[in-house]
Every structure is written in C-alpha cells, then in structure tokens.
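Please consult the sequence and the model shown below while reading.

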Amino acid sequence: RVLSCGLKDFCAHGATPGDPPFATGPAGADKRVPKIASVVGILGHLASRHAGSIKQELLRMFHESLGSGREQHKATVPFLLQLALMSPALLGTVSAELVDSLKPPVLNQLHQHFSALPRDELDHVVGVVVHLISQTSAGAFRILQFLVGTAMP
C-alpha cells in the first residue's frame, strides 16, 4: 500500500515520461514529490521485518509496469529509480534479483518503454542507472558480469 500510494503521488505531481524524471537528492525529491521521502522512511522502517515482501513488491511493480501502457505504469520505473536514489537500503534489497531478471525479453520491454523519451531525458536515465550501479556494493560483481555479458555480441 505504501508503494502504491507513493506511485500515485509521484504521478500526480507531474512524473510523466515527458518530464525530467528524477530529482537529485532528498531535498529535490521533496519539492517535486511530497510523499516520496515518507515512502522511503516507511519502507526503511518496515524493511527490518518485511524485507522479503518489500523486495517482492518492488520487483512485481517493475515487471508489471513494462507490459502496460497505462500512464501510472509508465512512471513506475522512474519512481523506482527515485526510491533507489533516496534509499541505498532499498537498492541493495532488490539489485541482485533485478539483475537476474534482466533477460532479453525484459531488456526489450525496457527498450520499448524508454524509446519514446527525448534523447536528453534518456541520457539522464542512463546517468542515474550508472550512478546507482556505482553505489551498489552488494552484488556488484554480479552486476559487472551482467553488463559485460550483455554487451558482448
């Protein structure tokens, strides 16, 4: 429910694929999407007892959003990336399983999902992903293996 509420608020405050999708840091996020800091705080508090459920829901939201054209689903990946920027704990919770799920069909869905973005926004998304990868310590070797393996023909 917390994630769903946060996503709805994220969408309500102009988080559409045509807008710059990310605030930089918690202060920028608070101005852009008022409830996202609360969502991060609540999830951080719940993570000690419900990490498995949170991880499962984050991954479900990610995969469900790729197969849908609904506006709320188009904002899910930027929302999840913003959560990861604001909470290294959430990033660490899902990074290994997310990398494992990035098989060619999912990568194709991601490509289709972001192909409509203007070049500067796409570059910004790539920059955020690179930043998140560089901040990930748990599973870093797996992420590097994935990147090298995916880049090879």
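Leucine 90 counts as buried because its relative accessibility is 6%, where buried means under 20% relative accessible area, exposed over 50% and partly exposed in between, computed with a 1.4 Å probe on protein chains only. Leucine 90 belongs to helix 6; helices here are DSSP runs of H or I with at least four residues, strands are runs of E with at least two, and both are numbered from the N terminus. Apart from neighbours within four places in sequence, leucine 90 is in contact with Leu43, Ile54, Leu58 and Leu83, contact being defined as heavy atoms within 4.5 Å. The model is a predicted one, in which local features need pLDDT of at least 70 and side-chain atom pairs count only at pLDDT 80 or more, whereas totals for chains, interfaces and linings use all residues. Residues are numbered from 1 along each chain as its sequence is written, and side-chain values use heavy atoms, with hydrogens and water left out.

Alanine 47 is part of helix 3. With a relative accessibility of 24%, alanine 47 is classed as partly exposed. Its C-alpha atom lies 8.3 Å from that of leucine 90, at a sequence separation of 43 residues.

**The chain as a whole**

The protein chain contains nine helices and zero strands. Of its 153 residues, 37% are buried. Among contacts between residues at least 6 apart in sequence, 75% join residues at least 24 apart.

Two packed helices are described by the angle between their axes and the distance between the axes. The axes are lines fitted to C-alpha atoms, for helices over the stretch in contact, and the angles run from 0 to 180 degrees between N-to-C directions. The table lists two helix pairs.

| Helix pair | Angle between axes | Distance between axes |
|---|---|---|
| Helix 3 (residues 36-66) and helix 6 | about 30 degrees | 9 Å |
| Helix 1 (residues 2-12) and helix 3 | roughly 115 degrees | within 9 Å |

Helix 3 and helix 6 are therefore roughly parallel to each other; angles under 35 degrees count as roughly parallel, over 145 as roughly antiparallel, 65 to 115 as roughly perpendicular and the rest as oblique. Helix 3 contributes Leu43, Ala51, Ile54, Lys55, Leu58, Leu59, Phe62 and His63 to this contact, and helix 6 contributes Leu90, Thr93, Val94, Glu97, Leu98 and Ser101.

In the other pair, the axes of helix 1 and helix 3 cross at roughly 115 degrees, which makes helix 1 roughly perpendicular to helix 3. On the side of helix 1, the contact is made by Val2, Leu3, Gly6, Leu7 and Phe10, and on the side of helix 3 by Ile36, Val39, Ile42, Leu43, Glu57, Leu58 and Met61.

**Buried and exposed faces**

An α-helix has 3.6 residues a turn, so residues three or four places apart point the same way.

In helix 1, the buried residues are Leu3, Gly6, Leu7, Asp9 and Phe10. They cover an arc of only 165 degrees around the axis, which puts them on the same side of helix 1; the arc is that of the directions from the helix axis to the C-beta atoms. Lys8 and Ala12 are exposed on the other side of helix 1. The cover over the buried residues of helix 1 includes helix 3, helix 4 (71-74) and helix 5.

Helix 7 has Val106, Leu110, His113 and Phe114 as its buried residues. Their arc around the axis is only 80 degrees, which places them on the same side of helix 7. The face turned away from that buried side carries the exposed residues Pro104, Pro105, His111 and Gln112. The buried residues of helix 7 pack against helix 3, helix 4, helix 5, helix 6 and helix 8.

Helix 8 (residues 119-135) buries Glu121, Val125, Val128 and Leu132. Viewed down the axis of helix 8, these buried residues fall within an arc of 60 degrees, so they line one face of the helix. Arg119, Asp120 and Ser134 are exposed on the other side of helix 8. Among the elements that cover the buried residues of helix 8 are helix 5 (76-86), helix 6 (88-101) and helix 7 (104-114).

Leucine 122 also lies in helix 8. Its relative accessible area is 25%, and leucine 122 is therefore partly exposed. Not counting residues up to four places away in sequence, leucine 122 touches Phe114 and Leu117.
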